[in-house]
Amino acid sequence: MPAKKTISEEKLLTNEKIREATDSVNHELLERRSYRPPLCKVFKSSYTALAEDDRYRFVIDHEARKKLPHIIQNKVQRVVPVESPDQAFTFAYTQKRNIGIVFSGGPAPGGHNVIAGLYDAAKKACPDTRVYGFLIGPDGIIENEAIELSDERVDQYRNLGGFTMIKTGRTKIDSKQKMAHAKETCKQLNLDALVIVGGDDSNTNAAFLAEEMIGMGVQVIGVPKTIDGDIQVRDADGRVLCAVSFGFHTAARAFGLSVSNLCTDSSSDVKYWHICKVMGRVASHLALEVALQSHPNMTLIGEDLADYVDQKRLEKAKKEGGTDYNSYGMTLRHLSRVICDGIVRRADVGKNYGVIVIPEGVLEFINEIQVFIIKLNTIIAEYNQTHDTDFHSDFPQLEDKLEYLRRMARRSREDAAFTIWNTRDDELFNDIPAFFQEGLLMERDSHGNFQFSQVETDKVLMGMVKDYLDILYEEGFYKIGIARTYFVKTLKKEGLDPELYGRCLFKNYKNGEMLIIKPTIISVKTLKQELAKSGILSEDKDIPAAVLKIFTYSIPKLKTQTHFFGYDGRGNDPTRFDCIYTYNLGLTAFSLIADGVTGQMAAIKNLEKEFSQWEPIGIPIAPLMHLEERKGRLELVLEKSLVDVNSASFRVVKAFREKWLAAVPGDDDYRRPGPIRFTGKSVEERPITLVLNALEG
Ligand code: FBP
């Protein structure tokens, strides 16, 4: 064969086809960037005003009333069109402004469109208005690190995922000094308004900044962001004001697709259990949506576990005339048993594979772990306060930290004094694996949140699952079921009588479709004993190869693959839902600014309905705040919304548990949500949880 001609590297790189194939600007990117999201009806009007909506009530926390006096009376505002504005209105609306915007917390798909919406609306009202993007989160405000946004910069990121344009960070503006710096920055940039795009903690920041800067005339507007989906706002009467934060839909669709792909793979090569940890620091909304998207065999929902009541235990205590408080909530051990039960039942029907979805924050709902988290938060916070130093710098190694705890326990014992860490805590803590101890002792984030994303929750749970499955195997209760037809065929091939052997080997030979080896047979030795006992085989004879083959086949080997779905979904390009939602959020934020309010969160009501019914509103942030344990003390923060175990979406998932576990012979019930499609028809216009929950109003 003649030698192939090689092209020089220079020619290779200047080749038109190669340049086109490797260009970072591809067709999809251009198509995304050029998409213009539709506008909510009210934004078709050139001017918008706000109409106070008195129908909504909130139960106000006394601490919020004390700490946020200037914004606590804020009401829900509806954005309404103004068709014939008077001169004074137009003058105020179109005045030149300086507006700052910042991303705060983890990225969420759609953030760039919030900027685009705000930018477009601000420039349309007054082309001289300046929009600044603060860099790398709230640090950008504290240190006055900002860039002025331009058409080119904004156009470059329209409809694209990530927070790449101005980056993000998790700094909390929680000290007088940081607040003073933030105020100074606003003064230096002559800001009229600041938009904070963030989750519960960032909107808490927004409320405090709004309160602080009200006298300076700087308006502060929040925007509900987080893939976790835990910013959902209802008023005191349960009316939905904000059904979900932006980014949730995209992340859930991305995770749903990955989990679905694993369902396909696992049911093809039938040898792995895929353990999928799905982000959601506390709430399990993402896991719930992923379950609806892809129907994995098991999905744990943290809120459901916390709601668990051990009725048997409770009844027993009642009979003895008492109450057993340990009956409430699930322990780690019990949870591992629940998982084992699913694995064993699928194994019984020959399915030695499957997919489990575990929410990242599941441990927060397990009693004993929650106690550890709170105790350790308090210990670390108290240490830092007393010594005016940092616990983690003083005790960098796990062993140092453990020694500190040991000393505390010893002190409590020797002085017979009450301390937060006692001998029992220490003993229980020493029982857990080192990597998990390390996780529980890890540094909290700047808002005092436990960093679940860094703890190998799946490893902790699956470690316990594997241990218990070993026990179940030893006890003879964990076997792989064998199809009757396969058994009969295999034995007949060797000239053996399936009836004779079947009755001896299986516990359900009489009527089972999937045959399960008797619990007494757990080894070749016990197999031989059973055959001998039935008079089929004498002690000195070898077990027939076909029987041995069947027995070997019945021995389960649990092979797991673990996956963490989080950062990938956060970086996904937004779904059409998130693109449209966020662009309109940006427009709403500008309406709130132009109409002069502060301490409000831009939101869109009726997200669960057709787009034509979407209503841009402002939600007062201060009335949504409550006290929460952070770094060992109670702090005022925006209340997170957890999965409601009485909601339609949860009840549907619960009702389908058995069906999706599919511990029956035959096919699994996996669902293929398909890839996220930006163009063309897509059935899933919005999260399934939203659609289901809306059915109940
Ligand atoms: P936000 O609440 O800031 O949106 O972040 C949520 C989240 O994505 C969680 O799901 C996850 O636990 C956490 O961020 C991970 O944080 P980090 O990016 O600091 O690792």
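Is C186 buried or exposed? I find that C186 is buried, with a relative accessible area of 1%, where buried means under 20% relative accessible area, exposed over 50% and partly exposed in between, for a 1.4 Å probe and protein chains only.

Before going further I note that this is a predicted model, in which local features need pLDDT of at least 70 and side-chain atom pairs count only at pLDDT 80 or more, while totals for chains, interfaces and linings use all residues. Residues are numbered from 1 along each chain as its sequence is written, and side-chain values use heavy atoms, with hydrogens and water left out.

**Cysteines**

I looked for disulfides, taking one to be a pair of cysteine sulfur atoms within 2.5 Å, and the structure holds zero of them. For C186 the closest cysteine sulfur is that of C126, which at 20 Å is too far for a bond. C579 is likewise in no disulfide, the nearest cysteine sulfur being that of C40, 14 Å away. C579 counts as buried, at 0% relative accessibility.

**Aromatic pairs**

I then searched the whole structure for aromatic pairs and noted 26; rings of Phe, Tyr and Trp (its six-membered ring) pair if their centres lie within 6.5 Å, and planes under 30 degrees apart count as stacked, over 60 as edge-to-face and the rest as tilted. One of the pairs is Y93 with F590, which is edge-to-face, at 5.9 Å centre to centre and with 85° between the planes. Y93 belongs to helix 5 (residues 87-93) and F590 to helix 27 (residues 576-594), so this pair ties together parts 497 residues apart in sequence; helices (H or I, at least four residues) and strands (E, at least two) are DSSP runs, numbered from the N terminus. Y93 is buried at a relative accessible area of 6%, and F590 is buried at 2%.

I also looked up F255 and F565, whose ring centres are 6.3 Å apart with the planes at 35°, so that pair is tilted. It links distant parts of the chain, 310 residues apart, with F255 in helix 11 (residues 248-269) and F565 in strand 15 (residues 560-565). F255 is buried at 1% relative accessible area, and F565 is buried at 8%.

Returning to Y93 and F590, I see that they form one aromatic cluster with Y47 and F89.

**Charges over rings**

Last, I checked for a charge over a ring (NZ of Lys or CZ of Arg within 6 Å of the ring centre and within 35 degrees of the ring normal). The charged end of K277 sits over the ring of F564, 4.5 Å from its centre, and K459 lies over the face of F435, 4.2 Å from the ring centre.
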